[in-house]
Amino acid sequence: MVCLYCQNGSKTFSRLEPVQDLNQTPEFPIHDIVGTMRRPFRDIYECLDCHQFWWIRVKGTGDPRSTYPEYYEQTAELLDDQRSELIRNPTVSRLLQHTESQFPYTFFPEVLESIATNERDSLKNIFLDRVPHLPSPAKLWLRSWFQTQFPEEYKVQKEQGFPNKAKLVSTWESNELVLVSEWIAIDQFVVLSVLDDSYTITAFQLPEKKIIWKQKLGRPFLEGISIPNLFYHSGYLCYYQGFQKGSEYFSKLNRPNELLVFDLSGNLLLHLPLSFRCYEILSTEERDVSENRVVHNFQFSILSNTLYIPYSNEVHIYDLQSKELLQKIKTPNGDPFSGKAFETESGVILFHTVKGVFAVNEKWEVVYQYHSKFHPVFIDSQLNFYYYYSIVDQIQTGEQKRFFQNDDSGSNLLFELVSPPVEFPNGILTPFAWDKTYLLNQNLEITKELNFTSSDTLGPHAFGTNKIPILATEDRICITNDYRSIIMIDFIGNLICNHPIQSEVIQVLSFDGKHSVVILSCFDEYSEEDQIELFFLDPKGIILLKKILPGPEGLSVSFDGILVFAQNNKIYTLDMFQESDFYLKTI
């Protein structure tokens, strides 16, 4: 008996057999295809006469709408020379060349099993480097193998990230968890931790790893929308604790109950009970323009050691040095204050409400106001109002600008904003649906049309606290789009880089106004834990570092590029510039 290739040069073969018994897959003959044979791997057979390899498989076939097959089909494929060489002489280098090649599901684990003894160090490096393009079965096998072969090293790598260059700052009790870290100075950061439902802020001094102060706190705001509960704001450390129930049905309508403001030495300056209003869009007319359903009114601003915070339909103003309430200002038209306050060059304080703006002089008298019928998504520095359906009110001139999607049929449809516009020197970036982004000048004229957009964070079900997927640095704009790309352009719209991604963007930040850091969700078979993947980019769009770390809890970056992250009860620091030197040498 000889194989089909020896007999007539056939390279493929298939046959059908009707299903007789759904509980049993029929046994097709093998020898009439392969002849005298041996089986080096599952579903792969070698002809002992011509030494060609066949991949033979059996699968159910028939009407795809049916739950059960009508026929079983046997197919045989003669493997090409490149794949055959991997089967004959399996090595790590050959395996990495064929990660995109078609093989049986169990093939890669079987190959890894066969070379594990002779190429132990190479397999270890693959796992430590988290080679991304390996098939899932291979990743799962490597994880199990590494845990068995290097149990202590696996534990360290799991805690400190891959590869391991992190420095341990502190180890706390085994059941104490780190929730948040935040930098408050060039060499100081604070950590929020919980132990037996007791919450503590601890401040560290680097590089000494010295604890400089501690503060006991109440339970942070955790139940509801995802907002920072511990954060640095204009020279102060701020903390949201407790919660107010916003809705019986929607947890995202829950809101924090109290605001605590500390100086950077840990002294409590203000402890404010918060009174909030959720502003809901109800009218059909307003939804046709604004679309956002709910706005949470709990942001605040700090200007020149003065805190401006909403309270019902008022702005409450506190002096953070004297800790006293300076003034209460009723908002015009009763619109809730959005928490955004700005100081103009002439010293006038400008407030944004949920439907307009108003300004006060040094005597807290309202000297200017504008009220819209609709809720703007964004208000720029020229006081142009941007609405969800790409309508812009130029309140200085009273004119209105609209942006349309021109269809092939000749019809015009209004664009929809997918995330808030971003202002940069002498321009505005407006990301729209249908993969379109416009760069506008200060007269709202289109200066550049770009065929990509950002993550959709507005939409009809937004709650007014969305992540911002676009970052403007001192001379670049970094635009991220979930599961698609990280794109960098300059201020005139020239494309600098376009890096494809396959996961959700969690955060985009810059610690020095030049470099960009993009944090992505990361779920792969190399780990069973929640993880993140960090991209560190220079102003030219070059990726200086890609690093997989434990989940986003407790992660922050200093003004010098020192990364703090946590794994359970341990805190680590990592110099991203130093790590990037090592990363660039290995790629």
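**Entry 1: a charged pair.** I start with Glu 85, which counts as partly exposed because its relative accessibility is 30%. My cut-offs are under 20% relative accessible area for buried, over 50% for exposed and partly exposed in between, with a 1.4 Å probe and protein chains only. Glu 85 forms a salt bridge with Arg 94, and their closest N and O atoms are 3.6 Å apart. For a salt bridge I ask for a side-chain nitrogen of Lys or Arg within 4 Å of a carboxyl oxygen of Asp or Glu. Arg 94 is partly exposed too, at 26% relative accessibility.

**Entry 2: ground rules.** I note that this is a predicted model, where local features need pLDDT of at least 70, side-chain atom pairs count only at pLDDT 80 or more, and totals for chains, interfaces and linings use all residues. Residues are numbered from 1 along each chain as its sequence is written, and side-chain values use heavy atoms, with hydrogens and water left out.

**Entry 3: confidence.** I look up pLDDT, the predictor's confidence in each residue from 0 to 100. The protein chain has a mean of 88, and 97% of its residues reach 70 or more. Where is confidence lowest, and where is it highest? Strand S15 (residues 278-280) has the lowest mean, 71, while strand S37 (residues 485-490) has the highest, at 97. Strands here are DSSP runs of E with at least two residues, helices are runs of H or I with at least four, and numbering goes from the N terminus.

Entry 4: Asp 197 and Arg 219 make one of them, at 3.4 Å from N to O. This pair links distant parts of the chain, 22 residues apart: Asp 197 sits in the loop between S8 and strand S9 (198-205), and Arg 219 in the loop between S10 and strand S11 (230-233). Asp 197 counts as exposed at 56% relative accessibility, whereas Arg 219 is partly exposed at 39%. I also see salt bridges with shared partners joining Arg 57, Glu 77, Asp 80 and Arg 83 into one network.

**Entry 5: a sheet.** I trace an open sheet of 4 antiparallel strands in the order S7-S8-S9-S10. Strand S7 (177-185) and strand S10 (210-217) are at the edges with a single partner strand each, so one side of each has no neighbour in the sheet. From one strand to the next, the twist averages 20°. I count strands as paired if DSSP finds at least two bridges between them; S7 and strand S8 (residues 188-195) are joined by 7. Along this pairing, Val 178 stands opposite Ser 193 in S8.

**Entry 6: the interior.** Which residues of helix H6 (residues 120-129) are buried? I list Leu 123, Lys 124, Ile 126, Phe 127 and Leu 128. After H6 comes Arg 130, with a positive phi near 50°. I define a nonpolar core as buried Ala, Val, Leu, Ile, Met, Phe, Trp, Tyr and Cys residues joined through side-chain atoms within 4.5 Å. The largest such core has 30 residues, and Phe 107, Leu 123 and Leu 142 have the most contacts inside it. Elements giving it two or more residues include strand S4 (53-61), helix H5 (107-115), H6 and helix H7 (136-149). Another core of 20 residues lies apart from it, with Cys 238, Val 261, Leu 270 and Phe 300 among them.

Notes
Axes are lines fitted to C-alpha atoms, for helices over the stretch in contact, and angles run from 0 to 180 degrees between N-to-C directions.
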